[in-house]
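Here is a short report on helix packing and charged pairs. Have the sequence and coordinates open as you read.

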Amino acid sequence: FWVGYVHWERGELDAAREWLTRYRDTSVALSALDPDNDDWVIEVAYGEHNLGVLAFSAGRYEEAETAFREDARTRQGLLERRPDDRTLRSDLADTLSWLGSALQFQGRLREASAYFEEASRRFSALADELTDDRPLVARGATELSQFALVNHQLGDYDVAADLYREGVRVMQALVGFDPENVEWRHALA
């Protein structure tokens with residue numbers, strides 16, 4: 001992973017892809033040795049996720065979609081074994097959002113909307129449980145914006161407006177709590 005990451009940071013995307021593919025393939029082989037070892041299985045999801053983000057950043061949206069689907073499948077399988085794992089739940093929601101973005105950039109807006117809605121629902125459920133986790137609340141508001149944008153693109157203006165208003169309401173509360181947080185102020189704007 002780290003060799004691939006260094007190449008990625010240098011903008012050497014072909015080399016990054018080669019090393020990140022090796023990382024994913026090694027993770028698949030490792031997890032096959034003991035499919036009940038969650039620490040090894042999650043490495044497969046990490047590998048797919050990295051390849052998905054790399055493909056997305058290079059504009060290869062179909063390839064990104066495939067990687068994010070595998071990532072989500074792996075995380076969902078783990079979540080069935082560990083339904084209370086909040087990190088896993090949050091990471092799955094994030095993956096679903098990436099999948100929505102990959103579909104959105106392919107022009108498959110209705111499918112993208114469904115994934116953004118699911119990601120938003122999952123982030124909202126986590127935020128309801130962890131009311132003091134303000135970065136998680138902010139992530140949920142960002143997801144509302146993604147969901148709103150795709151509905152706007154679909155021409156569902158009333159739905160989009162309602163979603164934008166809800167996102168603004170959440171971000172206003174967060175900025176009210178921490179007015180110096182530039183990231184939250186930017187998201188609110």
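In which helix does alanine 29 lie? Alanine 29 lies in helix H2, which covers residues 13-33. The model is predicted. At a relative accessibility of 46%, alanine 29 counts as partly exposed.

## Helix packing

| Helix pair | Angle | Axis separation |
|---|---|---|
| H3 and H5 | about 30 degrees | 11 Å |
| H5 and H7 | about 25 degrees | 12 Å |
| H6 and H7 | about 160 degrees | 9 Å |

Take H3 and H5 to begin with. H3 spans residues 38-57 and packs against H5 at an angle of about 30 degrees. Angles under 35 degrees count as roughly parallel, so H3 is roughly parallel to H5. The crossing of H3 and H5 is left-handed. On the H3 side, the contact is made by Ile42, His49, Val53 and Phe56. H5 brings Leu88, Asp94, Thr95, Trp98, Ser101 and Ala102. By class, the residues of the contact of H3 with H5 are six nonpolar, three polar and one charged.

H5 runs over residues 86-104 and also packs with H7, residues 134-154. The angle is about 25 degrees, and H5 and H7 are therefore roughly parallel to each other. The crossing of H5 and H7 is left-handed. H5 makes this contact through Ser90, Asp94, Ser97, Ser101 and Gln104. H7 answers with Leu136, Arg139, Glu143, Gln146, Leu149, Val150 and Gln153. The contact of H5 with H7 divides into three nonpolar, six polar and three charged residues.

How are H6 and H7 oriented, roughly parallel or roughly antiparallel? Their angle is about 160 degrees, with the axes 9 Å apart. Angles over 145 degrees count as roughly antiparallel, so H6 is roughly antiparallel to H7. H6 passes H7 in a left-handed crossing. The H6 residues that meet H7 include Leu109, Ala112, Phe116, Ala119 and Phe123. By class, the contact of H6 with H7 has 13 nonpolar, six polar and four charged residues.

## Salt bridges

Side chains of opposite charge can pair when their charged atoms come close. How many salt bridges are counted in the model? The count comes to 22.

Arginine 108 and glutamate 65 meet in a salt bridge, at 2.7 Å from N to O. The pair links distant parts of the chain, 43 residues apart. Arginine 108 sits in the loop between H5 and helix H6 (109-129), whereas glutamate 65 is in helix H4 (residues 61-81). Arginine 108 is partly exposed, with a relative accessible area of 26%. Glutamate 65 counts as buried, at 10% relative accessibility.

The next pair lies within H4. Arginine 73 and glutamate 70 meet in a salt bridge, with N to O at 2.9 Å. Both residues lie in helix H4, three residues apart, which is about one turn of the helix. Arginine 73 is exposed, at a relative accessible area of 52%. Glutamate 70 counts as partly exposed, at 29%.

Which residue forms a salt bridge with arginine 75? The partner is aspartate 91, and the closest N and O atoms are 3.7 Å apart. Arginine 75 lies in helix H4 and aspartate 91 in helix H5, so the pair ties together parts that are 16 residues apart in sequence. Arginine 75 counts as buried, because its relative accessibility is 4% and buried means under 20%. Aspartate 91 counts as partly exposed, at 27% relative accessibility.

Note on methods. Residues are numbered from 1 along each chain as its sequence is written. This is a predicted model: local features need pLDDT of at least 70, side-chain atom pairs count only at pLDDT 80 or more; totals for chains, interfaces and linings use all residues. Side-chain values use heavy atoms; hydrogens and water are left out. Axes are lines fitted to C-alpha atoms, for helices over the stretch in contact, and angles run from 0 to 180 degrees between N-to-C directions. Helices (H or I, at least four residues) and strands (E, at least two) are DSSP runs, numbered from the N terminus. Angles under 35 degrees count as roughly parallel, over 145 as roughly antiparallel, 65 to 115 as roughly perpendicular and the rest as oblique. A crossing is left-handed if the near helix is turned anticlockwise from the far one by less than a right angle, and right-handed if clockwise. Contact means heavy atoms within 4.5 Å. Ala, Val, Leu, Ile, Met, Phe, Trp, Tyr, Cys and Pro count as nonpolar, Asp, Glu, Lys and Arg as charged, and the others, Gly among them, as polar. A salt bridge is a side-chain nitrogen of Lys or Arg within 4 Å of a carboxyl oxygen of Asp or Glu. Buried means under 20% relative accessible area, exposed over 50%, partly exposed in between (1.4 Å probe, protein chains only).
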